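My notes follow the order in which I looked.

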Amino acid sequence: MLNMHLSHKNGNNQIPNAFFSAPIFYVNGAPHLGHLYTSIAVDVMARFRRMIGGLTYVSVGTDEHGQKVAQSASEAKESPQKFVDRMYIPFLNLVNKCEMKYDIFIRTTYDEHKKVAQHFYEKLVKSKYVYEGEYEGWYSSRDEAFYADTDVKDGKALNGSKVTWVKEKCMFFALSKFKDKLLKYYQENIESILPYSRYQEVMGMLNANLPDLAITRTRFSWGIPIEQLPGHVLYVWVDALTNYLTVLGYPNNEYQMKKWWPNSVHVIGKDILKFHAIYWPAMLMAVELQPPKKIVAHGWWTVNGHKMSKSEGNVIDPFALIDEYGVDEIRYLLMTEMSFGQDGDFNEKRMNARLNSDLCNELGNFIQRVMMFCYKEYEETLSLFENLTNVDIELLNQSNAFLNSAIKGMENAKIHIYLSSLRSLVRLCNVYIDEQKPWKLSGENRKRVLSVLCEMVKRVAIFMEPIMPLKAKSVFALLGYMDNLDKTSWNELLKVNKLQKPEPMFTSRGK
Ligand code: MSP
């Protein structure tokens with residue numbers, strides 16, 4: 001099947017559209033490796049979806065209210081608003097710097113968001129699942145979370161966060177009433193939480209005690225005020241979660257809501273699973289909106305085996321990291337080094353070794369060898385020969401096989417598997433070169449082999465794009481193609497320029 005089309009847009013439209021959301025980041029400190037990883041993971045999934053012909057809508061932004069941010073502003077001796085106006089900027093810079101392509105960057109202090117969150121709260125009140133009460137118990141401002149007695153030991157939550165005892169008047173959401181509905185929903189939608197281990201975790205939480213949730217706070221004021229309730233501000237997680245509706249123009253933009261909400265994919269870290277997989281769907285059910293279609297939770301980074309934290313002094317600065325390695329290199333390395341869903345350890349020695357083996361020796365070398373050969377002999381990239389040998393066809397078919405398995409793998413957010421399959425494909429290309437020895441061939445045979453190789457460089461560049469968008473672009477430029485990836489069928493790319501002389505694509509490190 002040589003003419004397989006990557007794009008299903010004009011075909012039978014099997015690729016569903018998707019709304020990919022990144023978590024919105026707390027602005028109490030500077031961005032770190034975790035923020036970079038989440039942003040890249042969302043971007044890779046969305047780019048892949050576009051590569052195979054789906055339409056996407058991507059959101060990211062900053063979570064600017066709450067006790068934690070208010071405390072940090074007070075420590076910086078600034079008003080909270082002034083503080084967040086300054087602190088959100090590095091997050092915006094980071095998502096731009098890592099080449100994340102997003103449709104909207106939302107800040108929860110925007111008026112439009114405040115209105116949506118207030119509207120959402122009113123809908124909750126109308127749903128009759130909200131009642132007045134008093135919360136007395138543990139609260140962690142680091143996690144912006146309430147903890148039960150059983151989850152606290154020696155003044156700390158089980159995850160190590162410091163907790164304090166609070167007592168405040170508030171409004172409650174009758175979360176407990178949603179236990180059975182949520183259980184039923186998840187029993188019927190097993191693939192709505194990925195990976196499966198996180199699904200099991202959520203089922204475990206649902207089978208345990210599910211107390212009602214305080215959804216307003218009265219002990220401080222840095223939050224979205226509630227008109228009818230002077231002195232109350234919205235609990236920061238209700239405020240933050242509704243960002244996923246604000247970015248779609250809820251409640252006024254029915255078109256956007258219809259188009260994207262049924263296809264929503266929330267990409268999150270494992271620490272915020274409960275908020276997304278329990279609180280959020282329950283509140284959505286209360287206001288008669290569908291729960292998110294998918295929640296995809298990734299693991300956490302440790303640094304050389306240790307938890308990354310300010311007190312350990314090992315927080316990785318994502319800007320420095322990108323400057324050091326290059327944006328595409330770091331995107332590749334982070335996505336490869338962490339098996340999606342599991343925790344990963346950031347270890348520079350191992351990353352350097354991977355950079356040298358995968359990117360310099362295998363991928364870079366493959367592209368360099370082929371393109372140098374062709375550049376020396378031809379003006380333009382070679383079109384694939386009509387008469388091919390079985391060995392040629394076998395290699396080309398490998399890229400179709402790769403694509404088919406990639407589609408399945410990425411449905412389950414297995415980015416690391418996508419990359420290991422791509423590595424295998426590149427290895428097969430290098431084996432083909434070694435076995436065919438184009439330098440020993442002449443005439444039509446030589447041209448045929450090089451035409452297969454040009455085709456494989458093109459296909460590999462297409463597959464690289466979700467992970468390494470800039471390098472993919474530069475490979476298209478080498479080949480003389482217009483890098484119009486919206487038109488990605490193997491044969492639709494337009495030759496517009498002459499072949500360019502290749503320079504080594506990756507620089508080895510740490511030797
Ligand atoms: N503001 C909330 C999210 C609200 S979404 C409606 C929040 N913000 S955060 O800034 O603390 O975290 C943002 C993302 O970074 C989360 O997905 C979190 O899991 C991720 N990470 C934070 N530290 C991390 C690591 N050490 N490793 C990997 N990701 C981690 O939570």
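**Ground rules**

I am working with a predicted model, so local features need pLDDT of at least 70, side-chain atom pairs count only at pLDDT 80 or more, and totals for chains, interfaces and linings use all residues. Residues are numbered from 1 along each chain as its sequence is written, and side-chain values use heavy atoms, with hydrogens and water left out.

**Entry 1: the ligand**

Which residues come nearest to the ligand? I found Ile24, Asp63, Gly269, Asp271 and Trp301, out of 23 residues around the ligand. Here a residue is near if one of its heavy atoms lies within 4 Å of the molecule.

I then looked up polar pairs. A polar contact is a pair of N or O atoms within 3.5 Å; within protein, one must be able to donate a hydrogen and the other to accept it, and residues adjacent in sequence count only if both atoms are side-chain atoms. The side chain of aspartate 63 places an N or O atom 2.7 Å from a ligand nitrogen. Glycine 269 uses a polar backbone atom, 2.9 Å from a ligand oxygen. Tryptophan 301 also uses a backbone N or O atom, 2.9 Å from a nitrogen of the ligand.

How much of the ligand does the protein bury? The ligand alone exposes 660 Å², and 95% of that is buried by the protein. Areas come from the Shrake-Rupley method with a 1.4 Å probe; for residues, only the protein chains shown count as cover.

I sorted the shell by element next. Helices (H or I, at least four residues) and strands (E, at least two) are DSSP runs, numbered from the N terminus. Strand 1 (18–26), helix 1 (33–51), helix 8 (236–241), helix 9 (243–246) and strand 13 (264–269) each give two or more residues. Strand 1 gives the most, with four.

By class, I count 12 nonpolar, nine polar and two charged residues in the shell. Ala, Val, Leu, Ile, Met, Phe, Trp, Tyr, Cys and Pro are nonpolar; Asp, Glu, Lys and Arg are charged; the others, Gly among them, are polar.

**Entry 2: two sheets**

Two strands pair if DSSP finds at least two bridges between them. Strand 9 pairs with strand 14 (residues 294–298) over two parallel bridges. Leucine 194 has valine 296 in strand 14 as its bridge partner.

Another open sheet has three strands in the order 16-15-17, with mixed pairing. Strand 16 (306–307) and strand 17 (344–346) are the edges, each pairing on one side only. Strand 15 (residues 301–303) runs antiparallel to strand 16, and two bridges join them. Valine 303 stands opposite histidine 306 in strand 16.

**Entry 3: aspartate 43**

Is aspartate 43 buried or exposed? Aspartate 43 counts as buried because its relative accessibility is 0%. Buried means under 20% relative accessible area, exposed over 50%, partly exposed in between (1.4 Å probe, protein chains only). Aspartate 43 sits in helix 1. Its side chain reaches the backbone nitrogen of lysine 101 at 2.9 Å. The side chains of aspartate 43 and arginine 331 make a polar contact of 2.8 Å.

**Entry 4: threonine 109**

Threonine 109 lies in the loop between strand 3 (104–107) and helix 5 (111–126). I noted threonine 109 as buried, with a relative accessible area of 9%. Its side chain has a polar contact of 2.6 Å with the side chain of glutamate 64.

Most residues other than glycine have a negative phi, and most peptide bonds are trans. I looked for exceptions. Leucine 194 and proline 195 are joined by a cis peptide bond, omega about -10°. Tyrosine 250 and proline 251 are also joined by a cis bond, omega about 0°. Proline 251 is in the loop between helix 9 and helix 10 (254–260).

Lysine 77 has a positive phi, near 55°. Lysine 77 counts as exposed, at 75% relative accessibility. Lysine 437 has a positive phi near 45°. Lysine 437 is partly exposed at 30%.
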